[in-house]
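Please read this briefing alongside the sequence and the model. It is meant for someone meeting this structure for the first time.

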Amino acid sequence: MRRCDEAFSDSCAAYFISANRRNKGGKRHYVRTKPMSFSLDTLNEEQLKPVMQTEGAVLVTAGAGSGKTRLLTHRIAHIIEDLGVPPYNVLAITFTNKAANEMRERLDKMLEGDATDIWVFTFHALCVRILRKYIKNLGGYSSSFSIYGEQEKEHCVKRILKEMQLEEDITKLVIASISDAKNQGMLPDEYAKIYSWRDNIDVIAKAYFEYEKELKKSNALDYDDLLNKALYLLKTDDEAREYYQNKFRYIHVDEFQDTNMVQYDIIKILAAKHGNIFVVGDEDQSIYGWRGANFANIFNFKDDFPKVSTYKLEQNYRSTKKILALANKIIANNTERLDKRLWTENADGADVKYYAARSDGDEADFVVQTIYNLKKTYNYKLSDFAILMRINALSRTFEERFMQYGVPHKLYGGFKFYERKEVKDILAYLKIIGNHNDNEAIARVINFPKRGIGDGTVQQLMNYAEVNGKSLYDVIFTLDKNEDLPTGVIKKVLPFTNVLQCIDNAYKTGCSLFDLTCYIIRAGGFKEFYAENTEDNEARKNNIRELAHGIEQFEQANPTAGLDEYLQQISLYSDLDEMDEAGDCVSIATIHSAKGLEFKVVFVVGLEDGIFPDSRRAEDKTEKEEERRLMYVAITRAKERLYLTRAKSRFRFGERKEAMPSEFLREAGFEDEKPKESAYSHYSGRYDSYRGERSYSSYGSSYNSEEVPVYTPQPKVNTKPVVTKITAPEKKQQKDLSKFAAGCRVKHKKFGVGTVVNLDTSGEPFAEVEFDGIGRLKLLLAYAPLEPLEN
């Protein structure tokens with residue numbers, strides 16, 4: 001192997017000859033006066049080759065943890081420092097502001113503050129810069145245009161639909177359709193023609209047309225416009241196109257696998273003159289197909305730039321050999337990929353461990369225990385641990401367990417379970433039933449789903465209640481008896497009154513909290529509101545199902561408890577003051593939000609068919625391969641230790657159902673069991689019936705409860721390699737249990753004082769504790785922050 005400095009010296013010599021020739025022709029040569037503060041000797045041979053290949057089209061397929069950010073920054077620094085290219089002739093594009101800022105900071109250090117003029121932007125930020133300078137050439141816009149976020153967009157569409165005097169609120173549908181049309185580069189007439197089969201397409205097309213008129217009149221662009229308008233400008237305006245083609249002599253694109261067609265067309269136009277385009281990507285980490293990313297651009301790049309130089313970065317600096325072996329084995333099952341295999345000079349490391357828990361609760365217990373033991377044994381910090389999951393609905397059990405055992409934690413890239421909108425909306429109904437004076441809860445749901453009840457109407461109701469010495473609830477509940485209220489107010493509020501009356505009847509009839517929640521889901525209009533098949537709606541429906549599951553678990557553990565105790569317990573789980581997210585804490589994240597991160601210890605949880613891979617994606621080959629790439633991303637977040645877990649059963653709306661292992665566990669060799677016809681698929685995309693479609697007509701309406709049907713994907717089974725299974729957590733230090741006994745009073749730092757009603761020391765010692773005013777919890781004594789009180 002040639003030494004890096006030798007290869008560098010040869011390349012530099014060749015460069016300075018060519019640079020002198022260019023300078024003789026009058027081309028400007030950039031000369032830095034500050035000393036060089038970086039070295040190409042820090043690169044390995046795989047990284048050095050594409051760095052030195054500065055001319056023409058270059059494609060680098062960079063595996064997870066292979067140092068692509070280092071590669072990009074060193075290449076840019078080399079072009080400026082060693083080749084004398086002015087910084088303002090260099091463009092670097094990435095996908096997040098965080099990544100752009102990190103790259104800019106690294107370059108600034110490497111170039112001793114001379115990175116200011118380098119354009120390091122996200123695609124949207126780049127397009128804003130281009131449009132600010134040249135949008136006037138499109139006509140009808142000025143450079144001071146506003147950028148509409150989602151809130152402004154929603155307000156605008158709402159005004160348009162209100163003027164159209166529609167009977168139903170289809171704001172969400174129209175907004176989603178406009179975004180879909182713009183991502184496909186379609187004008188309203190074209191979109192209406194191609195999607196003529198869709199419901200409400202005429203209304204959507206008209207609203208889209210009026211929305212575009214409103215944007216132009218307001219000198220505004222929305223987020224989707226930034227890319228499309230910039231592309232249109234570069235295609236049609238010679239002045240803008242020539243200016244930026246001349247400016248950007250060297251173009252770099254990070255995370256190339258996540259580009260969509262519009263973004264790819266933009267960089268092709270920008271690179272058309274000089275042809276010096278450098279893209280770094282990994283098709284094995286393309287996990288955003290659902291939002292338009294097209295990893296096939298990696299393959300298209302080779303067709304569009306036939307003289308492209310292709311390099312592979314396969315050396316991984318992050319993970320152990322055993323973790324990489326599993327990652328390679330899993331991703332090898334994909335067919336739509338370039339051939340590469342990660343390797344590392346890191347140690348073999350600990351075995352990848354697999355744990356099949358009896359239930360989802362046991363799965364969470366195992367994770368807590370393992371974190372506790374590893375922290376004690378190897379001096380890990382809590383921030384070294386991450387729990388990764390396919391869907392964020394699974395976070396509930398882990399959040400609750402961490403609260404119970406006093407483990408600081410944070411939700412990365414999302415809200416805590418009980419802070420999610422759809423969860424808070426359903427809990428608001430329960431709070432109203434439990435406390436008729438909770439005006440905040442009433443205000444939260446009185447106009448959800450939309451009933452045409454604005455703030456003015458609510459204020460009228462509150463004023464009427466105050467004048468008549470009534471509560472807001474009483475005024476709404478007995479709406480037909482409040483004759484002094486304006487007829488318009490009564491007409492708007494009456495549907496909400498009917499919902500409250502039906503729910504109140506159900507509660508007074510003595511139905512369980514679980515059945516009451518199922519009824520609220522139906523009567524409150526949640527089913528219809530989240531009916532459209534979108535990623536966001538599926539996530540929200542999963543959270544609703546998980547909330548119902550948690551309520552059923554509470555009732556089983558606390559057969560004599562009621563609504564008040566449940567709400568009190570939830571208020572403790574919802575306490576945001578408990579966590580210092582900037583401090584040392586465990587990360588809980590979906591795999592999508594964890595991309596780009598790394599942790600010393602990773603738990604990939606919920607590895608069951610129907611959850612991961614997602615049952616909605618299990619049969620389509622392309623979508624299945626994206627699910628597998630998601631599994632690959634999860635595995636390659638781990639640096640030192642990796643745990644794969646699943647539950648053998650999950651509690652599903654009234655009964656415990658068998659859960660079959662994920663296909664990815666079978667591909668890894670940890671399982672060889674094929675899914676059965678009755679395989680559990682708790683999180684699928686449509687509703688069926690709770691316990692035989694129980695009717696609630698006796699509560700004053702024909703609403704019925706609902707749940708998710710069983711769906712069984714049919715995966716393949718691979719041969720089984722040598723693997724490591726574990727059936728129990730690693731050995732831990734024991735707590736002195738002599739002071740615990742049935743009947744003793746104890747104190748928990750979160751849940752307060754309670755009484756031990758049952759103590760079992762036959763296996764893993766646990767206590768069932770009845771906490772005052774909250775309910776019963778089962779806690780493992782070795783880990784729970786539980787102390788006996790003096791009698």
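Residues are numbered from 1 along each chain as its sequence is written, and side-chain values use heavy atoms, with hydrogens and water left out. The chain has 28 helices and 22 strands, which are DSSP runs numbered from the N terminus (helices are H or I, at least four residues; strands are E, at least two).

**Confidence**
- The pLDDT, the predictor's confidence in each residue from 0 to 100, averages 84 over the chain, and 85% of the residues score at least 70.
- Over residues 1-28 the pLDDT is below 50, and it stays under 50 over residues 727-733 as well.
- Where pLDDT is low, the predicted coordinates should not be read in detail.

**Burial and cores**
- Of the 791 residues in the chain, 56% are buried, where buried means under 20% relative accessible area, exposed over 50%, and partly exposed in between (1.4 Å probe, protein chains only).
- The largest nonpolar core has 140 residues, and those with the most contacts inside it are I387, Y566, F603, L642 and L644; such a core is a set of buried Ala, Val, Leu, Ile, Met, Phe, Trp, Tyr and Cys residues joined through side-chain atoms within 4.5 Å.
- Apart from this core lies another, of 43 residues, among them I135, L234, Y264 and V279.

**Surroundings of R641**
- R641 lies in strand 14 (residues 638-647) and counts as buried because its relative accessibility is 14%.
- Its side chain makes polar contacts with the side chains of Y378 (3.4 Å) and Y380 (3.2 Å); a polar contact is a pair of N or O atoms within 3.5 Å, and within protein one must be able to donate a hydrogen and the other to accept it, while residues adjacent in sequence count only if both atoms are side-chain atoms.

**Salt bridges**
- A search of the whole structure finds 50 salt bridges, each a side-chain nitrogen of Lys or Arg within 4 Å of a carboxyl oxygen of Asp or Glu.
- E598 forms a salt bridge with R318, with the closest N and O atoms 2.8 Å apart; E598 lies in the loop between helix 26 (591-594) and strand 13 (599-604) and R318 in the loop between strand 8 (309-313) and helix 14 (321-331), so the pair ties together parts that are 280 residues apart in sequence.
- The side chains of E363 and R650 also meet in a salt bridge (3.2 Å, N to O), and this pair links helix 15 (residues 360-378) with strand 15 (residues 649-652), 287 residues apart.

How values were computed. This is a predicted model: local features need pLDDT of at least 70, side-chain atom pairs count only at pLDDT 80 or more; totals for chains, interfaces and linings use all residues. Contact means heavy atoms within 4.5 Å.
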